[in-house]
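I opened my notebook to write down what I looked up in this structure, entry by entry. Each term gets its cut-offs where I first need it.

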Amino acid sequence: MTTTPTPPHSLRTAPEPDTVPDPPPGAPALHETDGHQPLRRDGDLLLTGRAQFVDDIAPRGLLHAAILRSPHPHAVIRGVDASRARAREEVEVVLTGADAVDLATPLPHFFEPSIVGCRTTEFRCLAVDRVRWVGEPVAAVVASSLAEAEAALADIVVDYEPLPAVLDADEALRDDAPVLFEEWGDNRLGLFPFAEGDAAGKIAAAPHVVRDELRVGRQHVAPMETRGYVAQWEPGGRLTLWASTQNPHPLRTNLATTLGVPEDRVRVVATRMGGGFGHKFNGYGEEPLVCLLSRLADAPVKWIETRKDCLLVGAREFTHRFEVGFDDDGVVLGLADRIVGNIGCLAPWGGWSMTFPAGMTFPGPYRIADYAIESVPVVTNKAPWNGFRGYGKEQAAMALERIMDLIAEHRGIDPAEVRRRNFIPPEAFPFWTAAKHLDSGEYAAALDKALALAGYDALRARQEAARAQGRHLGVGIGFELTPEGGDFAGSFVRGFDTSTVRVHPSGAVSVLTGVTSPGTGNETSIAHLVAREFGIAVEAVGVTQGDTDACPYGFGNFTSRSLATGGAAAVLAARELRERMADAASALLDADAAAFDFRDGAVVSRTDPETSLTFAELAETIYRRGLAAPGLDQPLLEVTRIDLPHNFHHVPDEQGRFSAYPSFPYSAHVALVEVDAETGVVELLEYSAIDDCGVVVSPTFVAGQLYGAIAQGIGGALWEEVPYGEDGAPEAETFKHYLTPRAPDLPTIRLQHQHTPSPFTLLGTKGAGESGVGGAMAALLNAVNDGLRPLGVHAHRVPLTPPVVLDAIVSGGAS
Amino acid sequence: MIRTRLRYHRPDRPDDAAALLAEHHGRVAVLAGGSQLLPRMNRGETDVDHVVDLRGLGLRGIERTGGRVRLGAMVTYEDAIASPLLADAVPLLPRVARGVTGGRQLTGHATLVGALCHAFPGTDMPGALSALGATVELHGPSGPRSVPVSEFLLGAQEIDRRAGEFVAAVTVDGVARSGYCKVKHATGSWPIATASAVDDGDALTVTLGAVQARPLRIVIPDPTRAAVDDAVAAAVTAPWTDVLAPGDYRARIAPVVARRALTELREGARA
């Protein structure tokens with residue numbers, strides 16, 4: 001009889017030792033374990049409800065905006081009569097799409113589709129003559145209170161002529177489908193092919209072939225804090241926009257363009273964020289709209305997204321139709337997947353581009369020489385997508401992991417063993433695929449650790465025992481490769497970033513960086529890295545982010561790059577300053593500059609510990625005596641650096657291969673579920689995961705990211721969906737309709753770590769913000785299907801809501 | 001954001017409440033816990049100019065009246081969970097209250113009667129109170145009026161409440177033997193199907209909630225699996241569809257929840 005291992009009660013597990021490249025002399029290890037990590041900055045403010053978010057910004061004389069949105073999925077706007085709304089006493093401004101044409105240029109795209117060979121078109125901040133999705137902004141009202149502004153919306157009369165709409169991507173691809181953008185001729189935005197070798201030939205010749213389909217429903221980020229903007233113009237024509245945004249500098253550039261204001265006269269302040277996940281990438285019409293409204297009202301104006309409006313923004317609605325050929329041992333010989341993404345309507349928000357990594361991430365962690373992946377973004381009359389953590393990479397994880405389990409089922413081999421037989425082996429790195437140059441990986445080791453953590457053999461034994469009692473336990477493995485840090489030249493989605501480090505006379509240090517935090521705590525980690533370079537207390541280092549007047553130009557927060565880019569740039573800047581300060585110490589103390597340690601708040605001679613200055617004394621002396629005292633030749637204690645490019649391959653090699661992503665973390669997941677075969681309800685019983693994001697700076701924050709990503713993946717796998725009605729309107733308007741996991745839905749997540757440093761990044765780190773979403777979705781998908789095996793059916797649709805699962809059971813898996 | 005200018009009233013006599021409700025009929029809402037009303041007003045789904053708060057009327061009691069138990073309109077889920085009288089005489093109500101989503105932020109102010117009056121199919125209380133043969137005690141301009149819950153619930157979010165009336169209390173049968181089953185998608189989900197099994201000594205019944213627009217009370221003459229399935233299948237004629245589940249799903253699981261509630265009745269609640 002096999003016994004089940006006791007799950008650990010603590011969520012924290014001790015990380016394993018790192019390999020830390022290039023430690024500065026005298027510096028402590030990159031991260032300190034056993035509770036010596038720096039405490040999260042402002043954690044006390046957050047926990048006690050005193051932290052300020054955008055909705056807390058209230059300049060004197062603030063007015064409030066409300067937005068009228070289209071009730072039609074597709075219609076011509078024949079006219080807008082706003083006279084009654086304008087006549088209301090409390091109303092200051094009413095703006096229609098036609099009014100706004102002369103006040104703002106078309107909106108720059110977050111990611112211009114033509115850069116990657118897609119079709120494109122122009123959008124305005126308010127629809128002018130046509131609406132293409134329910135919820136599209138049509139007019140806006142400013143009033144002295146939000147209640148008055150919302151009430152006035154009812155007095156705006158829009159004359160719509162409804163047009164035929166299309167909501168389904170397959171239908172949108174038909175010749176007779178309504179076309180959203182007539183100049184395109186059809187609804188295809190583009191096509192992303194990723195292929196090597198001869199997939200069709202290898203599949204045709206393979207001894208075994210499996211073909212299947214996987215559908216993923218429309219999902220949504222659901223940040224706790226919705227979007228919001230507060231705009232204020234100064235009499236001299238200077239604009240300040242407080243925004244819950246992930247990209248303050250690109251937003252500033254785009255506002256300058258759209259509003260015709262010199263960029264230096266626009267200040268964007270990215271306020272503290274209650275969750276981003278891609279929902280707060282810039283490109284929304286409301287960004288310039290709120291600025292316009294403020295200018296017209298001659299007063300500060302605030303707009304906060306309602307939950308219903310927030311839920312409009314979509315993601316992840318994909319269909320996979322795949323076939324895979326394999327040999328008797330379960331080794332993949334050829335793989336093809338045609339992926340269609342229902343991106344809703346195109347918009348300047350960049351979410352449609354998730355269809356790129358959805359294909360690019362193939363063939364994931366597996367060594368498959370012959371594959372052909374096509375990812376097709378299709379426009380429909382649903383609301384547009386914006387980014388969603390996972391960014392399409394979770395699609396590859398789900399399809400590939402489903403394929404591994406289908407092969408295992410077909411060949412009667414354990415699913416873990418099928419993966420081991422197909423993994424890229426450790427000695428093969430760096431490893432090229434069509435669109436990735438993989439940095440490093442110990443995939444089988446990570447999977448084996450996850451199996452051990454989960455007590456995999458014991459789980460199988462429990463499953464066997466449960467099946468004998470007619471219960472449907474399912475064990476699912478999910479392995480996820482997560483390309484991170486992407487760099488797309490031509491856009492503001494760049495793979496580098498900029499930081500300034502400034503040492504003040506008192507010895508205090510400021511870091512000003514172009515990367516922002518969505519609430520994950522990267523400011524704490526950046527302070528920790530800089531403090532470590534100077535050997536000073538982390539409390540002596542301040543970090544400023546998100547204020548375009550204060551910070552060097554940067555691209556903000558996306559693709560898990562903040563630490564690898566902004567953090568690395570800050571480290572480089574600090575190292576340069578340390579050299580300047582060591583030179584000064586050497587002149588002042590008459591010692592060799594190279595022989596100083598920066599530690600414990602002092603600059604200490606390595607040969608004679610009595611020869612030292614405190615860090616603050618040295619800084620003040622440089623300010624007071626620089627250029628006057630012999631040897632104090634460089635009194636500028638401020639350095640701005642970018643991190644060095646690492647592992648980008650923009651120019652295709654002779655085989656046409658390129659790599660826009662520099663780092664490739666991965667994670668292995670094991671889930672145990674029980675499927676109630678009478679109701680279709682899935683209960684998640686146990687969950688274990690191993691992650692490997694290279695060198696870790698802050699284990700607590702990395703673990704926090706993983707818990708969140710796994711929870712988000714579980715929600716996406718089991719419950720989260722925005723269905724659309726036949727009227728073309730989304731049916732999820734509150735969190736009673738869009739079901740995200742709550743604490744009782746989640747078991748203790750057992751988490752441990754493996755650390756395979758990136759050979760390419762400055763600190764050996766890999767991105768740590770998205771890993772876990774796809775692995776969790778894949779593990780749950782496989783676990784539920786494993787539970788259904790005795791019933792002889794498969795479930796092919798995510799989320800695996802009880803109706804979907806019961807449908808699969810009742811209809812024999814043909815759903 | 002509540003878009004209208006609101007007048008808040010807190011009468012301290014039932015007749016004053018009825019007079020206010022009559023005076024502002026069509027532009028007034030009754031406020032008990034507010035857990036449904038206020039979010040609806042914020043979303044612009046309920047649009048009124050007056051709110052009449054019942055808290056000044058002293059309607060928070062749980063008491064025996066003859067062979068029955070009366071619950072005032074302001075009795076919250078927490079009150080029901082904590083009540084020794086309910087634990088003894090009507091254990092179904094605390095059993096159901098413990099399973100209500102929302103945590104203490106909700107259960108401390110949301111009321112059982114409010115949930116009944118909201119009459120949203122995807123809630124626990126209409127089904128549970130129907131199972132207990134509840135009588136709804138209204139108070140209006142012409143005094144009190146009593147209605148059986150089966151007549152009070154007219155349809156989805158439709159109740160028999162006339163101009164000037166509010167529900168002051170419900171009375172239920174004392175039923176010591178009961179079982180409950182609720183199926184829902186996740187913690188945050190509203191009920192997709194509920195079943196209250198009640199054995200009052202005379203008859204064995206299962207009342208399905210959330211399965212149709214109104215609760216379905218089904219007499220179970222024979223508790224065998226096949227008979228229960230047949231009785232439920234015959235009763236479910238117009239299953240409810242909402243954003244979380246289609247009607248055919250509810251029809252499929254209705255016999256299952258019925259059987260599970262009967263099992264709990266027979267074997268007692270699982271720990």
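**Entry 1: a residue in chain B**

I began with B:V167, which touches B:A73, B:V113, B:C117, B:V136, B:E137 and B:L138 when residues up to four places away in sequence are not counted. Two residues are in contact here if their C-beta atoms, placed from the backbone, lie within 7 Å. I noted that this is a predicted model, in which local features need pLDDT of at least 70 and side-chain atom pairs count only at pLDDT 80 or more, while totals for chains, interfaces and linings use all residues. Residues are numbered from 1 along each chain as its sequence is written, and chains are lettered from A and ligands numbered from 1 in the order in which they are written.

I then looked up where B:V167 sits, and found B:V167 in strand β10 (residues 166–173) of chain B. Helices (H or I, at least four residues) and strands (E, at least two) are DSSP runs, numbered from the N terminus. Is B:V167 buried or exposed? B:V167 is buried, because 24 other C-beta atoms lie within 10 Å. The cut-offs are 20 or more other C-beta atoms within 10 Å of its own for a buried residue, 12 or fewer for an exposed one, and anything in between for a partly exposed one, with C-beta atoms placed from the backbone. I also noted that B:V167 and B:L116 are 51 residues apart along the chain, and that their C-alpha atoms are separated by 9.7 Å.

**Entry 2: the two chains**

For chain B I wrote down eleven helices and 14 strands. The radius of gyration of chain B is 18 Å, close to the 18 Å that the globule rule gives for 271 residues, so chain B is as compact as a globular protein of that length. This radius is taken over C-alpha atoms, and the globule rule is 2.2 Å times the number of residues to the power 0.38. Of the 271 residues of chain B, 51% count as buried, and the C-alpha atoms fill a box of roughly 55 × 40 × 35 Å along the principal axes. Among the contacts in chain B with a separation of 6 or more, 63% are between residues 24 or more positions apart.

Chain A has 20 helices and 29 strands. Its radius of gyration is 28 Å, which agrees with the value near 28 Å that a compact globule of 815 residues would have. Buried residues make up 60% of chain A, and its C-alpha atoms fill a box of roughly 85 × 75 × 55 Å along the principal axes. For contacts in chain A between residues at least 6 apart in sequence, I noted that 79% join residues at least 24 apart.

**Entry 3: the core**

Which residues touch the most other members of the largest nonpolar core? In this core of 345 residues they are A:A65, A:V141, A:L293, A:V530, A:L780, A:V784 and A:L800. Helix α16 (residues 562–589) of chain A gives the most to this core, with 15 residues. A nonpolar core is a set of buried Ala, Val, Leu, Ile, Met, Phe, Trp, Tyr and Cys residues joined through C-beta atoms within 7 Å.

**Entry 4: a helix pair**

The axes of helix α15 (residues 522–534) of chain A and α16(A) come within 9 Å and cross at roughly 25°. Axes are lines fitted to C-alpha atoms, for helices over the stretch in contact, and angles run from 0 to 180 degrees between N-to-C directions. The helices α15(A) and α16(A) are therefore roughly parallel to each other. Angles under 35 degrees count as roughly parallel, over 145 as roughly antiparallel, 65 to 115 as roughly perpendicular and the rest as oblique. Among the residues that meet are A:L529 and A:V530 in α15(A), and A:A570 and A:V571 in α16(A).

**Entry 5: backbone details in chain A**

A cis peptide bond joins A:F362 and A:P363, with omega about -5°, and A:P363 is placed in the loop between α10 (355–360) and β15 (371–378). The peptide bond from A:F429 to A:P430 is also cis, with omega near -10°. Last, I noted that A:A222 has a positive phi of about 55° although it is not a glycine, and that A:A222 is buried, with 23 other C-beta atoms within 10 Å.
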